[in-house]
Amino acid sequence: MSDQPYTPPRVWQWQQTDGGRFANINRPIAGPTHEAELPVGKHPHQLYSLGTPNGQKVTILFEELLAAGHADAEYDAWLINILEGQQFSTGFVAVNPNSKIPALLDRSTTPPTRVFESGAILVYLAEKFGAFLPKAGAARAECLSWLFWQVGATPYLGGGFGHFYAYAPTKQEYPINRFAMEVKRQLDVLDRNLAERRYMIGDEYTIADMAIWPWYGGLILENLYDAAEFLQVHSYTHVVRWANEIAARPAVQRGRRVNRITGPEDQQLRERHSPEDFER
Ligand SMILES: N[C@@H](CCC(=O)N[C@@H](CS)C(=O)NCC(=O)O)C(=O)O
(Lines give C-alpha, C1' and ligand atoms only; values in the text may rest on other atoms or scores of the structure.)
Protein backbone atom coordinates (compact mmCIF):
# COMPACT_ATOMS: atom_id res chain seq x y z
CA MET A 1 0.00 0.00 0.00
CA SER A 2 1.29 3.48 -0.85
CA ASP A 3 0.88 6.87 0.85
CA GLN A 4 0.37 8.50 -2.56
CA PRO A 5 -3.09 9.82 -3.55
CA TYR A 6 -5.16 6.84 -4.67
CA THR A 7 -6.90 6.57 -8.01
CA PRO A 8 -9.50 3.79 -7.69
CA PRO A 9 -9.39 1.22 -10.51
CA ARG A 10 -12.57 0.62 -12.50
CA VAL A 11 -13.27 -2.58 -10.53
CA TRP A 12 -12.18 -3.01 -6.90
CA GLN A 13 -9.85 -5.95 -6.21
CA TRP A 14 -9.15 -7.58 -2.85
CA GLN A 15 -5.57 -6.71 -1.74
CA GLN A 16 -4.72 -9.49 0.70
CA THR A 17 -1.53 -7.73 1.75
CA ASP A 18 -3.30 -4.53 2.80
CA GLY A 19 -1.85 -4.56 6.35
CA GLY A 20 -3.46 -3.20 9.47
CA ARG A 21 -4.13 -4.99 12.74
CA PHE A 22 -7.08 -7.09 11.49
CA ALA A 23 -5.84 -7.76 7.95
CA ASN A 24 -5.73 -11.52 8.52
CA ILE A 25 -9.43 -11.78 9.44
CA ASN A 26 -10.90 -9.27 6.98
CA ARG A 27 -12.45 -10.78 3.85
CA PRO A 28 -14.89 -9.43 1.26
CA ILE A 29 -17.02 -12.59 1.45
CA ALA A 30 -19.32 -14.05 4.10
CA GLY A 31 -19.90 -17.65 5.17
CA PRO A 32 -17.84 -20.26 7.01
CA THR A 33 -14.19 -21.09 6.37
CA HIS A 34 -14.09 -24.36 8.33
CA GLU A 35 -16.21 -27.03 10.00
CA ALA A 36 -16.45 -26.85 13.78
CA GLU A 37 -19.33 -27.24 16.22
CA LEU A 38 -19.94 -24.81 19.06
CA PRO A 39 -19.67 -26.10 22.63
CA VAL A 40 -22.90 -26.29 24.67
CA GLY A 41 -23.12 -25.95 28.46
CA LYS A 42 -25.86 -26.69 30.95
CA HIS A 43 -27.56 -23.29 31.15
CA PRO A 44 -30.52 -22.06 29.06
CA HIS A 45 -28.45 -19.31 27.46
CA GLN A 46 -25.35 -20.07 25.42
CA LEU A 47 -23.33 -16.94 24.67
CA TYR A 48 -20.53 -17.08 22.09
CA SER A 49 -18.48 -13.95 22.54
CA LEU A 50 -15.28 -12.09 23.37
CA GLY A 51 -14.75 -9.40 26.01
CA THR A 52 -14.65 -6.45 23.61
CA PRO A 53 -17.02 -3.53 24.23
CA ASN A 54 -19.66 -5.23 22.03
CA GLY A 55 -19.27 -8.44 24.01
CA GLN A 56 -19.32 -6.65 27.38
CA LYS A 57 -22.74 -5.15 26.70
CA VAL A 58 -24.35 -8.59 26.87
CA THR A 59 -22.36 -10.02 29.78
CA ILE A 60 -23.12 -6.87 31.79
CA LEU A 61 -26.85 -7.37 31.12
CA PHE A 62 -26.67 -11.05 32.13
CA GLU A 63 -24.89 -10.16 35.37
CA GLU A 64 -27.36 -7.33 36.08
CA LEU A 65 -30.31 -9.70 35.50
CA LEU A 66 -28.81 -12.28 37.86
CA ALA A 67 -28.05 -9.58 40.46
CA ALA A 68 -31.68 -8.42 40.19
CA GLY A 69 -32.85 -11.94 41.10
CA HIS A 70 -33.64 -13.39 37.66
CA ALA A 71 -32.18 -16.83 38.36
CA ASP A 72 -33.33 -18.11 34.94
CA ALA A 73 -30.86 -15.72 33.31
CA GLU A 74 -27.98 -18.15 34.01
CA TYR A 75 -25.64 -18.44 31.07
CA ASP A 76 -22.57 -20.14 29.70
CA ALA A 77 -20.18 -17.67 28.05
CA TRP A 78 -17.86 -19.34 25.55
CA LEU A 79 -14.80 -17.63 24.15
CA ILE A 80 -14.72 -16.94 20.42
CA ASN A 81 -11.25 -15.75 19.51
CA ILE A 82 -11.85 -13.54 16.47
CA LEU A 83 -8.11 -13.11 15.85
CA GLU A 84 -7.95 -16.87 15.28
CA GLY A 85 -10.95 -16.81 12.93
CA GLN A 86 -13.30 -18.75 15.21
CA GLN A 87 -16.21 -16.55 14.08
CA PHE A 88 -15.98 -18.29 10.70
CA SER A 89 -16.74 -21.83 11.91
CA THR A 90 -19.87 -23.55 10.58
CA GLY A 91 -21.25 -23.65 14.13
CA PHE A 92 -20.79 -19.93 14.73
CA VAL A 93 -22.12 -18.91 11.31
CA ALA A 94 -25.27 -20.96 12.03
CA VAL A 95 -25.91 -18.70 15.07
CA ASN A 96 -24.68 -15.48 13.44
CA PRO A 97 -24.50 -15.38 9.62
CA ASN A 98 -22.66 -12.04 10.03
CA SER A 99 -19.67 -13.79 11.74
CA LYS A 100 -19.26 -11.26 14.54
CA ILE A 101 -19.42 -11.60 18.29
CA PRO A 102 -21.61 -11.53 20.34
CA ALA A 103 -24.07 -14.29 19.36
CA LEU A 104 -26.66 -15.93 21.61
CA LEU A 105 -28.47 -19.24 21.49
CA ASP A 106 -31.47 -19.46 23.83
CA ARG A 107 -32.01 -23.19 24.39
CA SER A 108 -35.00 -22.67 26.69
CA THR A 109 -37.21 -22.46 23.58
CA THR A 110 -38.05 -25.28 21.17
CA PRO A 111 -36.39 -25.05 18.75
CA PRO A 112 -33.58 -22.93 20.25
CA THR A 113 -33.74 -19.22 19.38
CA ARG A 114 -30.69 -17.62 17.81
CA VAL A 115 -30.08 -13.89 18.34
CA PHE A 116 -27.25 -11.90 16.80
CA GLU A 117 -26.32 -8.18 16.88
CA SER A 118 -25.61 -6.93 20.40
CA GLY A 119 -28.52 -4.46 20.35
CA ALA A 120 -30.98 -7.21 19.39
CA ILE A 121 -29.60 -9.46 22.14
CA LEU A 122 -30.07 -6.70 24.73
CA VAL A 123 -33.69 -6.13 23.66
CA TYR A 124 -34.41 -9.88 23.50
CA LEU A 125 -33.14 -10.51 27.04
CA ALA A 126 -34.67 -7.33 28.50
CA GLU A 127 -38.07 -8.31 27.07
CA LYS A 128 -37.72 -11.93 28.13
CA PHE A 129 -37.07 -10.95 31.76
CA GLY A 130 -39.12 -7.72 31.83
CA ALA A 131 -36.17 -5.73 33.11
CA PHE A 132 -33.96 -2.75 32.17
CA LEU A 133 -36.27 -1.72 29.27
CA PRO A 134 -39.37 0.35 30.03
CA LYS A 135 -42.49 -1.52 28.95
CA ALA A 136 -44.27 1.25 27.02
CA GLY A 137 -44.64 4.87 26.08
CA ALA A 138 -42.11 7.68 26.01
CA ALA A 139 -39.62 5.96 28.35
CA ARG A 140 -39.44 2.88 26.10
CA ALA A 141 -39.09 5.08 23.01
CA GLU A 142 -36.28 7.05 24.69
CA CYS A 143 -34.48 3.86 25.71
CA LEU A 144 -34.69 2.34 22.23
CA SER A 145 -33.64 5.66 20.69
CA TRP A 146 -30.41 5.73 22.72
CA LEU A 147 -29.81 2.03 22.12
CA PHE A 148 -30.12 2.49 18.36
CA TRP A 149 -28.02 5.67 18.65
CA GLN A 150 -25.20 3.56 20.06
CA VAL A 151 -25.51 0.87 17.41
CA GLY A 152 -25.49 3.48 14.63
CA ALA A 153 -22.93 5.90 16.10
CA THR A 154 -20.23 3.58 17.41
CA PRO A 155 -18.91 2.27 14.07
CA TYR A 156 -17.58 5.83 13.58
CA LEU A 157 -15.73 5.44 16.88
CA GLY A 158 -14.49 1.87 16.40
CA GLY A 159 -14.30 1.15 12.66
CA GLY A 160 -13.61 4.81 11.87
CA PHE A 161 -11.57 6.61 14.52
CA GLY A 162 -10.14 3.56 16.31
CA HIS A 163 -9.11 1.89 13.07
CA PHE A 164 -7.30 4.87 11.59
CA TYR A 165 -5.82 6.17 14.88
CA ALA A 166 -4.67 2.85 16.37
CA TYR A 167 -4.68 0.01 13.83
CA ALA A 168 -4.10 1.27 10.26
CA PRO A 169 -0.60 0.59 8.86
CA THR A 170 0.09 4.34 8.51
CA LYS A 171 -1.30 7.40 10.33
CA GLN A 172 -3.25 9.51 7.84
CA GLU A 173 -4.43 12.99 8.72
CA TYR A 174 -7.62 13.07 6.66
CA PRO A 175 -9.46 10.05 8.14
CA ILE A 176 -8.13 10.70 11.68
CA ASN A 177 -9.38 14.30 11.53
CA ARG A 178 -12.73 13.31 10.12
CA PHE A 179 -13.44 10.59 12.69
CA ALA A 180 -11.92 12.47 15.67
CA MET A 181 -14.33 15.31 14.94
CA GLU A 182 -17.27 12.89 14.83
CA VAL A 183 -16.27 11.09 18.04
CA LYS A 184 -15.90 14.40 19.88
CA ARG A 185 -19.33 15.41 18.58
CA GLN A 186 -20.75 12.13 19.90
CA LEU A 187 -19.11 12.69 23.31
CA ASP A 188 -20.72 16.13 23.38
CA VAL A 189 -24.13 14.60 22.56
CA LEU A 190 -23.70 12.29 25.56
CA ASP A 191 -22.35 15.06 27.77
CA ARG A 192 -25.30 17.35 27.12
CA ASN A 193 -27.76 14.54 27.82
CA LEU A 194 -25.99 13.45 31.00
CA ALA A 195 -25.78 17.04 32.24
CA GLU A 196 -29.55 16.82 32.73
CA ARG A 197 -29.98 13.15 33.62
CA ARG A 198 -28.41 10.63 35.95
CA TYR A 199 -28.64 7.82 33.36
CA MET A 200 -29.23 7.95 29.61
CA ILE A 201 -33.03 8.10 29.83
CA GLY A 202 -33.41 9.71 33.26
CA ASP A 203 -33.44 8.15 36.72
CA GLU A 204 -33.75 4.61 35.40
CA TYR A 205 -30.67 2.53 34.54
CA THR A 206 -31.43 0.62 31.32
CA ILE A 207 -29.96 -1.35 28.45
CA ALA A 208 -29.17 2.01 26.80
CA ASP A 209 -26.56 2.65 29.52
CA MET A 210 -25.28 -0.93 29.21
CA ALA A 211 -24.83 -0.50 25.44
CA ILE A 212 -23.16 2.92 25.56
CA TRP A 213 -20.94 2.46 28.63
CA PRO A 214 -18.44 -0.16 27.35
CA TRP A 215 -17.54 2.07 24.38
CA TYR A 216 -17.72 5.65 25.63
CA GLY A 217 -16.95 4.74 29.24
CA GLY A 218 -14.05 2.72 27.82
CA LEU A 219 -12.62 5.83 26.13
CA ILE A 220 -12.53 7.51 29.54
CA LEU A 221 -11.81 4.70 32.00
CA GLU A 222 -9.69 2.36 29.89
CA ASN A 223 -8.00 4.83 27.56
CA LEU A 224 -9.45 2.93 24.60
CA TYR A 225 -7.23 3.25 21.50
CA ASP A 226 -4.76 5.16 23.71
CA ALA A 227 -6.75 8.22 22.69
CA ALA A 228 -7.87 9.77 26.00
CA GLU A 229 -5.45 12.69 25.73
CA PHE A 230 -5.82 13.15 21.97
CA LEU A 231 -9.61 13.42 22.27
CA GLN A 232 -9.48 15.22 25.66
CA VAL A 233 -12.12 12.80 26.92
CA HIS A 234 -11.88 14.03 30.53
CA SER A 235 -13.32 17.38 29.49
CA TYR A 236 -16.72 15.69 29.07
CA THR A 237 -17.33 15.90 32.81
CA HIS A 238 -20.90 14.60 32.83
CA VAL A 239 -19.87 11.53 30.82
CA VAL A 240 -16.99 11.01 33.26
CA ARG A 241 -19.38 11.18 36.24
CA TRP A 242 -21.80 8.69 34.59
CA ALA A 243 -18.98 6.35 33.49
CA ASN A 244 -17.60 6.17 37.04
CA GLU A 245 -21.02 5.57 38.57
CA ILE A 246 -21.69 2.64 36.25
CA ALA A 247 -18.18 1.24 36.69
CA ALA A 248 -18.84 0.97 40.43
CA ARG A 249 -21.74 -1.47 39.95
CA PRO A 250 -20.70 -5.00 41.02
CA ALA A 251 -22.60 -6.59 38.09
CA VAL A 252 -20.75 -4.34 35.65
CA GLN A 253 -17.43 -5.27 37.26
CA ARG A 254 -18.27 -8.94 36.76
CA GLY A 255 -19.69 -8.54 33.25
CA ARG A 256 -16.68 -6.67 31.91
CA ARG A 257 -14.37 -9.54 32.91
CA VAL A 258 -16.22 -12.26 31.00
CA ASN A 259 -14.52 -13.58 27.83
CA ARG A 260 -11.73 -11.04 28.22
CA ILE A 261 -8.33 -12.03 26.89
CA THR A 262 -6.52 -8.69 27.19
CA GLY A 263 -5.65 -6.34 30.05
CA PRO A 264 -4.68 -7.27 33.61
CA GLU A 265 -4.71 -11.06 34.26
CA ASP A 266 -7.02 -10.73 37.26
CA GLN A 267 -9.59 -8.98 35.08
CA GLN A 268 -9.75 -11.83 32.58
CA LEU A 269 -12.32 -14.61 32.84
CA ARG A 270 -11.97 -16.45 29.56
CA GLU A 271 -15.13 -18.53 30.01
CA ARG A 272 -17.98 -18.15 32.47
CA HIS A 273 -20.21 -21.04 33.48
CA SER A 274 -21.22 -20.18 37.05
CA PRO A 275 -21.10 -17.27 39.52
CA GLU A 276 -18.28 -19.07 41.37
CA ASP A 277 -16.03 -18.60 38.32
CA PHE A 278 -15.52 -14.97 39.39
CA GLU A 279 -14.01 -16.04 42.69
CA ARG A 280 -11.07 -17.90 41.18
N1 LIG B 1 -23.02 -4.53 15.03
C2 LIG B 1 -22.39 -5.66 15.68
C3 LIG B 1 -20.91 -5.45 15.71
C4 LIG B 1 -20.18 -6.65 16.28
C5 LIG B 1 -18.70 -6.58 16.01
O6 LIG B 1 -18.20 -5.71 15.26
N7 LIG B 1 -17.95 -7.53 16.57
C8 LIG B 1 -16.52 -7.60 16.33
C9 LIG B 1 -15.76 -7.60 17.66
S10 LIG B 1 -16.13 -6.17 18.61
C11 LIG B 1 -16.20 -8.91 15.62
O12 LIG B 1 -16.73 -9.94 15.95
N13 LIG B 1 -15.30 -8.86 14.63
C14 LIG B 1 -14.88 -10.03 13.95
C15 LIG B 1 -14.80 -9.83 12.47
O16 LIG B 1 -15.08 -8.71 11.99
O17 LIG B 1 -14.46 -10.79 11.76
C18 LIG B 1 -22.96 -5.83 17.09
O19 LIG B 1 -23.25 -4.80 17.72
O20 LIG B 1 -23.12 -6.96 17.55
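Modeller: Two packed helices are described by the angle between their axes and the distance between the axes. Here helix 5 and helix 8 are roughly perpendicular to each other, a label for angles of 65 to 115 degrees. This is a predicted model, where local features need pLDDT of at least 70, side-chain atom pairs count only at pLDDT 80 or more, and totals for chains, interfaces and linings use all residues. Residues are numbered from 1 along each chain as its sequence is written.

Biologist: At what angle do the axes of helix 5 and helix 8 cross?

Modeller: At roughly 75°, and the axes of helix 5 (residues 173–196) and helix 8 (residues 237–247) come within 7 Å. Axes are lines fitted to C-alpha atoms over the stretch in contact, with angles from 0 to 180 degrees between N-to-C directions. Helices are DSSP runs (H or I, at least four residues), numbered from the N terminus.

Biologist: Which residues make the contact?

Modeller: Contact requires C-beta atoms, placed from the backbone, within 7 Å. Helix 5 brings Leu 187, Leu 190, Asp 191, Leu 194 and Ala 195, and helix 8 brings His 238, Val 239 and Trp 242.

Biologist: How is the chain divided into domains?

Modeller: Into domain 1 (45–132 + 258–279) and domain 2 (137–248), with bounds from an automatic or database domain assignment. Their centres, taken over C-alpha atoms, are 22 Å apart. Nine residues of domain 1 contact 10 residues of domain 2. On the domain 1 side, helix 1 gives the largest share, five residues.

Notes:
Helices (H or I, at least four residues) and strands (E, at least two) are DSSP runs, numbered from the N terminus. Angles under 35 degrees count as roughly parallel, over 145 as roughly antiparallel, 65 to 115 as roughly perpendicular and the rest as oblique. Two residues are in contact if their C-beta atoms, placed from the backbone, lie within 7 Å.
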